[in-house]
Amino acid sequence: MAELLAPVVRRHLLSIGDLEREDVERILDTATSLARSLGREVKRLPTLRGRTVINVFYESSTRTLASFELAAKRLSADTMSIRSDGSSVEKGESLKDTALTLAAYGPDVIVIRHPSIGAAQLVSRLTDAHVVNAGDGKHQHPTQALLDLYAMREALGRLDGLHVAVVGDVQHSRVARSLVQALALVGARATLVGPPTLLPPGIEALGCAVSTDIGAISDADVVYALRMQRERMAPGEAFLPSLREYTALYGITPERVRAGQVVMHPGPMNRGVEIDPRVADSAVALVTDQVRAGLVVRMAVLYDVVAQRPVREREPVAGERERSDASPVLTGTPDAA
Amino acid sequence: MILVCRNGRADTLTLEGRVVAPAQGIDERLRVTVDDGVIVRLEPGGDGSLAIVPGFVDPHVHLRTPGREDEETLATGTAAAAAGGYCAILAMPNTDPVVDSAAVLGSLVERAREEAVVPTGFMAAITQGQRGEGLSEMAELAEAGAAAFTDDGRPVESAAVLRQALRYSELTDRPLALHCEELALSRGGHVHEGTVSAELGLGAYPSLAESVMVERDLALAALEERRVHLMHLSARESVTALERALASHVPATAEVTPHHLVLTDDAVRTLDPNVKMNPPLRAADDREALRDALRRGAISCIATDHAPHARHEKEVPFEEAPFGVTGLETAFASLYTRLVLPGVVSLETILERLSAGPARAFGLTEPRIEVGARANLAVLDLEAAWTVTEDGFRSRSVNSWLLGETLRGRVVRTIADGREVFAA
């Protein structure tokens, strides 16, 4: 029972590894209620009125930044976004100083994307804000994994028992790492498929199967294509002989997609490389559903880190985690759009 | 004169306690009388809970001088050594400028005579500027007092250059201390290649990057019949290669750090830059192999690889942080707490590998507790518990992997070359 007395610390979303199954389910359920309420002509909820969300992006981003900004606004939070270009980062300001500077404005949430692994952890140690990791190097992109689960659940009606084949450059993919962990949490199965040089040794420890044969996707309910980056072919890197050979071996073509499968991609897509345009534009592709999911899931995450009790600092006690569920989000008078 | 320090008056004092000197087979209660820096009397009957042990010798310390005196100076680094129970240390030459000429070495030796609290030896670079190409003037450097030669921080990439260095070092009678790393395999690597690197997405630095160079360097040492010392071993495969070479009488010694003996790459999951070092923390079976080799004596030295870094350089995302952690002030306590108390490695083995082992590997006088010997002693309170905090260090840097940890066993007094250099 000593756990009950553990100090309550600020809650962050740094890695899927910090979550339990019920955390994931709670966030997805919150997102579902948010989607429902947003569908009803209500474009803005008062949930985070008076709260401040700062987005700090050290890498380019379209959908992640746009959806975090929009998510904060839809929850009535004050929000602002800082990009590394055009900010003091260009003058050589360290991440620590930028974080302390922004923290001085008293934000409730700092959303950070950074090219280096450990950036979100560093910010969480330096500030009192709730920190949401919007991607740190090749490590984690937890909100992407959550929105992917949400889109899968919407499309297929369940997560438990699903089989997801993740195809492509696993080695360099924070999306793959986060997704595989998230799938394991909700009882889904993952198979990583790609050329041997892009499957990191030891990755099966995440609880997934690994294959170098594209035929391994045939058994999957979901085929998840990862973005292939051209710099992997750079001299001295030598992960792949050519994009042409990659596409021939691992491209997601209509011929390789079985009836009943859905296809996902985190974007931005390289049409004609990892995904055939005929697949990308077909009804089996959930790419725009993923983007839509991004908005509601990020709303749910912002709400969750601010409003929910901390995870991981203690073991859940029987009965304690009974549904405090999503309904509080929807209390109060919705603002008119 | 390999070891130099500040001149001062030799001390006269009496110590009492359990004298543990494994290299001499002593473990008994004694009263030790030191007169004018020399042990003059050992009598039975010492009281008290303290242990009196031969002073420690650290063959691998970065004093960051010249060039990065903001991180460590001869004064602060040797004060840290004194607080850690060390009576002798060897400093690495990867400074700015590199210690690759008698001029730079000479000025360091001079400064050490002013500033160094404990006897300090300076290694010189194997190659000019540690660039791995032309040899440094090894004969002149040895003449000027170089303790050994190393390009530590980098490997000697070319086998041909290392071979020439081994042959030429015959003129010096000093060992080459080798940092074994195949850069083509470790490039972009931050942590051990394994499940943790795969999970975290961090660039992998496989065991093979070390062991393939260990194999190469031992083959060259065997061919040239020259003495080599393998620095900071981390991988099981390296230990296997070392033991095979020792069995065929290759003249090699090796060291291991406290952090590689205590931690595994599991610690990296915190993404705390203070567990980022080169070579990286490896898997549990690697750690087991290192502990075994330490017990058997194939690895005869514990070396801290004390690597101070400025605070702002470590307060960055893990991936951007430089390699290296401090260790002089925590070495004994970390090993005592994590290895001796749980019964993993005996106190005798730890004490021997902290003192006589490294002294022998580098041809230094072994600290001995015997009548007529210069007093080189550490006094340990094995009952004491203490917490590692930033403000508790004498080192100028605080990048310790033990911050916040409570350790057992504390150095309370250090006598180096006949002088008391530390008293808690």
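Tutor: Here are some questions about helices and strands.
Tutor: This is a predicted model, in which local features need pLDDT of at least 70, side-chain atom pairs count only at pLDDT 80 or more, and totals for chains, interfaces and linings use all residues. Residues are numbered from 1 along each chain as its sequence is written, with chains lettered from A and ligands numbered from 1 in the order in which they are written.

Student: Why are α1(A) and α9(A) called oblique to each other?
Tutor: Their axes, lines fitted to C-alpha atoms over the stretch in contact, with angles from 0 to 180 degrees between N-to-C directions, cross at roughly 120°. Under 35 degrees counts as roughly parallel, over 145 as roughly antiparallel, 65 to 115 as roughly perpendicular and the rest as oblique. The two helices are therefore oblique.

Student: What makes residues of α1(A) and α9(A) "meet"?
Tutor: Contact requires C-beta atoms, placed from the backbone, within 7 Å. Among the residues that meet are Ile27(A) and Leu34(A) in α1(A), and Val297(A) and Ala300(A) in α9(A).

Student: How do you know that β2(B) and β3(B) pair?
Tutor: Pairing takes at least two DSSP bridges, and six bridges join these antiparallel strands. Asp35(B) stands opposite Val38(B) in β3(B), and Asp36(B), in the hairpin, takes a positive phi near 55°.

Student: What makes β3 and β17 of chain B edge strands?
Tutor: The open sheet has the order β3-β2-β1-β4-β15-β16-β17 (chain B). β3 and β17 each have a single partner strand, so one side of each is left without a neighbour in the sheet.

Technical notes: Helices (H or I, at least four residues) and strands (E, at least two) are DSSP runs, numbered from the N terminus. Two residues are in contact if their C-beta atoms, placed from the backbone, lie within 7 Å.
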